[in-house]
Amino acid sequence: MRKLLLSLLLLCPLLLAHPLADAGILGRGDTVTHDDPAIVLQARSVAKQGDRMEAIAILEDYMADGGNAELMPWVAIEAGEQRRLSGDPTSARVHFERVARSYPDHPSKDAAILGLALLAFDAGNASGNTEATLGLVADDIVPPTMNADRYRLLALAAAHEGSDDVDALVGKALAYGEADPATASRTYTALQHLVPENTAVPDAVDEADGDVAALNRAWAALRAADYERASELAASLQSTFPDSEYIHEATWIQKRADARDPYDNRRIGVLLPLTGKYAPPANQLKEALQMAVEDSGGAVQLVFRDTEGDPEKAKALFEELVLSDGVAAVVGPLLTECAVAVAPEAQAAHVPLISLSQASGLTLDNDWVFRTWPTAELQVDGLLDYVMDKQGMTTFAMMAPDTDYGRAARDSFVAGVEQRGGSVTAIVMYDPTQTDYRKDAEKLGRKDYEARSSELYSLRKEAEERGDDPSKVVLPPTVDFDAIFLPDSHTRVALVASALAYEEFAIGNFQPTKRAQPVPLLGLNGWNNDELYKRGGLYVHNALFVDAFYGSDEQVKGWVEDFQNIEGRSPTVLDAVGYDTGRLVSVASRMDAAHRDDWREALKGAQVSRPVSGSTTFDDEGELKRRYYVLTIKRDRGIRLVDPLPPEPEAPPAP
């Protein structure tokens, strides 16, 4: 087979000069001259700029519209070639076979046969006849990219056989490859070991640009309500670029297009675990959202769906809300597992998701995902703004539960402190399932009795001189920090604080020795419960912590009273966040956005007057910017406000 191919190579000049003589199409001495139609040149120009899918669309639209019949075979050949180059052999074969069948006496038939031969090589199933075809078709009746690829194959075969024609074939392959950057790059890479020295290296080509262009066209067709075209383009992207990072988006475009993309800018989906273990907080949020919508005029329709806390069910319900209910956006989910499952769907579907989860990094690189819940990371920033920027603290210790929440709080705290020029000198992560934290407190105090034996000896001697029992003397904790950060719930904070006091940390109003300097405890909104004052006692006095809601603030008292009258209970931060979330989506819905893209922009700019959870607007990462209350615990007075919030300016009236 290789010898047959080599013999054909040796006859190349003659065969290429008169490729169709034996077929009876040309007489001896005749030549084929083919000037490429303008539509073909336009498509090649577009493909050369990196948008091969647009080039295909230009050619196939021309054919579908019934263009010039005389040009049709050449347009079909070019369409097949562009399909081949895009990695879509099935569509390319359809074009080539149609030309070969419909134009049996036309020069384009031989171009089609060459195209089919190249497809066979691409698939790795070339035969002897297929190899022979490479040398039997004239250069000037096939696209330059076909010539580049066939001469690349011929050059490799000639090199294998030791033919003297290698340099000439390599030169032809490189010359024809210049017509298309991707082809030039591929050709040079394959023939690099055969390329003469000082040959210019083609610019590297990132063919991923093709799938980006294809994706953009599919989204544009969907926005224009051209559902058939959007579905076709999305399907083509999936088959042409099976390894593209945009496959998930393409599948969602196809789903939305096939469902005729229902959309109502006033309809908002809500995903919450309304039954099961987390039903109580979920139903609190449901009531707060409904109250907010009613207070905002009631024009928004909330469509609730029960996730039951199941991530897979949450994904299925999200799809139902988009494709069947036509919601403009979705609020939720609440649980981390469900939010992590749904967020990628919202991003791929281009549907705004307003999450209520604390899942770390949920909005990062997801420009269709927003969040209104005050995460640990955001609370840490609010806390450090006060204790470092206003109180001048610079060094800290930390005890935290070894959980996802505790680790996220730890990482955010360390990063925030260091960013502000401070340091964290000691960190202890404890098991949250235990009830005795004295060993962890001892570890924080760095009570190494062996290393500090001389210090212990001196302390016991001083006690003996005072008439005290030296056996009861213990090492004091090493305190080289300004405060201790405890990001945990109020129930465990009380236990940890008791353990710290046992190990003689001077915390709250507890002073183990006259010389001990008090070290304040710091926390987040898990502390904001009156039970902490009762359980923690004097150990938690004067602690500092932050929250997005404080019901005794003059700015929210009116809303608190209304809430109590309607719901029969005092609101919590959960209710406040849910209420502000409902008002934000109501503001965005009143903008009458024609598409979800416009609805998302409306949400980005949404602002409500007199927020009850300190919220203002979304930042560039989709997190809700808010002002945090700094709270403390006072003897006989309980939780009190330390740093009042400035009055919130009135938001401009919604159009």
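Colleague: Which residues meet between α14 and α16?
Modeller: This is a predicted model. In it, Trp252, Lys255 and Arg256 of α14 are in contact with Phe318, Glu319, Val322 and Leu323 of α16.

Colleague: And how many of those are nonpolar, polar or charged?
Modeller: The contact of α14 with α16 has four nonpolar residues, three charged ones and no polar ones.

Colleague: Thanks! At what angle do the two helices pack?
Modeller: About 45°, with the axes of α14 (residues 247-258) and α16 (residues 311-323) 10 Å apart. Angles of 65 to 115 degrees count as roughly perpendicular and those under 35 as roughly parallel, so α14 and α16 are oblique to each other.

Colleague: Let's go to the core. Which residues have the most contacts inside the largest one?
Modeller: Phe318, Val387, Ile484, Leu500 and Trp599. That largest nonpolar core has 126 residues.

Colleague: What does valine 387 touch?
Modeller: Setting aside neighbours within four places in sequence, valine 387 is in contact with Gly392, Met393, Phe396, Leu522 and Leu544.

Colleague: What about another core, how many residues does it have?
Modeller: There is another core of 44 residues, lying apart from the largest one. Val46, Ala47, Ala76 and Leu154 are among its members.

Colleague: How far does α22 reach from end to end?
Modeller: Its 13 residues, 490-502, reach 19 Å from the first C-alpha to the last, close to the 18 Å expected at 1.5 Å a residue. After α22 comes glutamate 504, with a positive phi near 70°.

Colleague: Switching to α9: is that one mostly buried or exposed?
Modeller: Buried: 14 of the 18 residues of α9 are buried, so the rest of the structure largely encloses it.

Colleague: And what span should α9 have?
Modeller: At 1.5 Å a residue, α9 (residues 144-161) should span 26 Å, and that agrees with the 25 Å between its end C-alpha atoms. Just after α9 comes glycine 162, with a positive phi of about 75°.

Colleague: Which residues have a positive phi although they are not glycine?
Modeller: Alanine 225 is one of them, at about 65°, and aspartate 365 is another, at about 60°. For background, most residues other than glycine have a negative phi.

Colleague: Where are those two, and how exposed?
Modeller: Alanine 225 sits in the loop between α12 (208-223) and α13 (227-240), and it is partly exposed, with a relative accessible area of 42%. Aspartate 365 is in the loop between β4 (353-355) and β5 (369-371). At a relative accessible area of 72%, aspartate 365 is exposed.

Colleague: Where is there a cis peptide bond?
Modeller: From glycine 332 to proline 333, where omega is near -10°. Proline 333 lies in the loop between β3 (327-331) and α17 (336-349).

Colleague: Now arginine 260, please. Where is it, and what does it touch?
Modeller: Arginine 260 is in the loop between α14 and β1 (264-272). Not counting residues up to four places away in sequence, it touches Tyr227 and Glu228. Its relative accessible area is 47%, so arginine 260 is partly exposed.

Colleague: Last one: what is glycine 551 in contact with?
Modeller: Beyond its neighbours within four places in sequence, glycine 551 is in contact with Val556, Lys557 and Val560. Glycine 551 belongs to the loop between β10 (544-547) and α24.

Colleague: Which residues does glutamine 564 contact?
Modeller: Leaving out neighbours within four places in sequence, glutamine 564 contacts Arg569, Ser570 and Pro571. Glutamine 564 is in helix α24, residues 557-567, and is partly exposed at a relative accessible area of 31%.

Notes: Residues are numbered from 1 along each chain as its sequence is written. This is a predicted model: local features need pLDDT of at least 70, side-chain atom pairs count only at pLDDT 80 or more; totals for chains, interfaces and linings use all residues. Side-chain values use heavy atoms; hydrogens and water are left out. Axes are lines fitted to C-alpha atoms, for helices over the stretch in contact, and angles run from 0 to 180 degrees between N-to-C directions. Helices (H or I, at least four residues) and strands (E, at least two) are DSSP runs, numbered from the N terminus. Angles under 35 degrees count as roughly parallel, over 145 as roughly antiparallel, 65 to 115 as roughly perpendicular and the rest as oblique. Contact means heavy atoms within 4.5 Å. Ala, Val, Leu, Ile, Met, Phe, Trp, Tyr, Cys and Pro count as nonpolar, Asp, Glu, Lys and Arg as charged, and the others, Gly among them, as polar. A nonpolar core is a set of buried Ala, Val, Leu, Ile, Met, Phe, Trp, Tyr and Cys residues joined through side-chain atoms within 4.5 Å. Buried means under 20% relative accessible area, exposed over 50%, partly exposed in between (1.4 Å probe, protein chains only). The expected span of a helix is 1.5 Å times one less than its number of residues.
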